[in-house]
Amino acid sequence: MKRIPSRTSLFFLLAAISLALLILSSSGRLAPVEGNLARLSQPFLTVSNDAGRQITNIVSSARELAGLRSTNKQLQTQVDTLTIDNLGLKEVEAENARLRELLRFAQINPLSDYRGGQVIARVISRGPSNYLSSLTIDLGSEHGIKAGMPVVTERGLVGRVYKVGPTSSIILPLTDPSSGVPAMVKRSSSRAVGVVNGNVGTRPVMEFIAQDADVSLGDEIITSGLGGNFPKGITIGQVLEVNKQDFDMYQEAVIRPTVNFNQLEFVLVITNFQPGELESVG
Amino acid sequence: MLILAVTVVIQGTLLARFHFYGASPNLLLVVVVCWSLLHTVSEGLVWAFAGGLGVDLIAGLPLGTTPLALMPTCFLAGLGRSSIFTSSVLLPAFLVALATLIFGWINLILLSLRGAPVDWAGSALRVMLPELALNVLLVWVIYPILRWLAAHIGAARMEL
């Protein structure tokens with residue numbers, strides 16, 4: 001009888017364990033374990049994320065420095081010194097600007113209660129997986145965060161809280177393929193409704209728009225409030241392209257989100273909105 | 001395991017900031033395939049399992065998603081272990097390129113099974129190809145480091 005290689009046995013064993021974990025995790029039974037593990041990993045993720053932010057600033061500063069060098073060679077040494085000193089100042093300045101914008105947004109939208117949260121690990125769009133999107137923030141159940149709460153910035157909708165740990169939470173952004181946001185065209189002469197679904201590696205698409213609905217390039221898309229998962233009126237994005245075929249039941253619109261998910265550092269969690277049931281996306 | 005933990009943290013934080021035509025490099029995949037080539041496929045499987053769980057935890061994915069996609073890539077290393085080209089970076093680069101495609105397709109299959117809409121051709125063009133290019137470039141940095149580590153940690157055991 002041919003002996004099964006040990007690595008094949010190991011593979012099937014680990015695959016069976018992975019499958020079992022996948023089923024348990026998708027059903028929510030592992031939530032307490034996942035929450036405690038997330039709490040343990042949070043300090044490391046915070047330090048690493050801060051280091052990443054510094055590296056990004058250095059790269060940006062290097063590009064600016066290259067531009068200055070080409071037009072002012074005589075001041076090169078002085079510019080180098082000033083750039084290093086300015087790294088820290090730029091970080092503080094940028095952070096203040098973002099916080100001011102968030103505060104202004106909260107003040108002009110007084111009907112909702114907000115809790116500010118800092119993104120600590122940009123597990124977003126294409127990382128750590130290029131196929132699935134998620135964000136981690138440094139707010140959890142200890143701060144009053146609950147699954148299903150909408151997440152926004154001053155620019156518009158980010159997504160909603162998907163998993164909650166004691167001190168951190170995972171956000172499912174609207175760019176994730178599992179995300180579906182009931183939406184509508186803001187223009188009063190249209191008000192066409194549909195669902196904005198995320199897509200792998202490309203922009204979200206607003207689907208299930210009635211064939212006879214009026215949707216045009218440049219139309220602003222907002223949350224419709226239908227289904228009760230998001231408050232009505234939050235900006236999602238702008239129509240970039242409309243796909244309409246006579247033989248289809250519905251038309252589609254490609255949406256450019258107003259939120260820049262590649263540069264997300266701070267978000268607001270709407271804490272006084274009661275969402276509908278959060279379906280398992282696993 | 002320290003190498004694995006550092007890889008997972010870097011994957012989840014630093015590398016998420018760098019994008020090339022819409023994709024970022026998959027450090028964990030590169031490390032797992034290279035280590036499987038340098039040591040044993042069995043060790044690579046354990047690294048893929050543990051590292052994949054770490055990535056799932058950071059990303060908030062259902063636990064088990066990434067290990068299921070990553071573990072099959074370890075067997076590619078088994079194809080190359082008896083090759084005379086293991087001292088060259090070209091072999092691991094080729095294996096990582098194949099592994100990126102396999103990992104990508106498995107991820108899309110798992111996404112599809114979860115009920116999410118999947119654009120197969122579009123995802124291959126928009127995500128897999130840029131990620132493949134980045135992962136292959138990463139091999140030129142990671143493989144020599146892992147080869148040095150493997151030589152100092154212990155020799156690869158013959159696997160029956």
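Predicted model: local features only at pLDDT ≥ 70, side-chain atom pairs only at ≥ 80, totals over all residues.
Local features need pLDDT of at least 70 and side-chain atom pairs count only at pLDDT 80 or more, while totals for chains, interfaces and linings use all residues. Residues are numbered from 1 along each chain as its sequence is written, and chains are lettered from A in the order in which they are written.

**View 1. The largest nonpolar core has 62 residues.** A nonpolar core is a set of buried Ala, Val, Leu, Ile, Met, Phe, Trp, Tyr and Cys residues joined through C-beta atoms within 7 Å; buried means 20 or more other C-beta atoms within 10 Å of a residue's own, with C-beta atoms placed from the backbone. Val30(B), Val31(B), Val32(B), Val33(B), Cys34(B) and Met71(B) touch the most other members. Helices are DSSP runs (H or I, at least four residues), numbered from the N terminus. With eleven residues, α2(B) gives the most to this core.

**View 2. Contacts of Met71(B).** Contact means C-beta atoms, placed from the backbone, within 7 Å. Beyond neighbours within four places in sequence, Met71(B) is in contact with Phe11(A), Leu14(A) and Ala15(A), and with Leu45(B), Ala48(B) and Phe49(B).

**View 3. The side of chain B that touches chain A.** Here 45 residues of chain B are in contact with 51 residues of chain A. The largest share of this side of chain B, eight residues, comes from α3(B).

**View 4. Helix α3(B).** Of its 19 residues, 17 are buried. Just after α3(B), Gly60(B) takes a positive phi of about 75°.

Technical notes:
Buried ≥ 20, exposed ≤ 12 C-beta atoms within 10 Å, placed from the backbone. Helix = DSSP H or I, 4+ residues; strand = E, 2+ residues; numbered from the N terminus. Contact = placed C-beta atoms within 7 Å.
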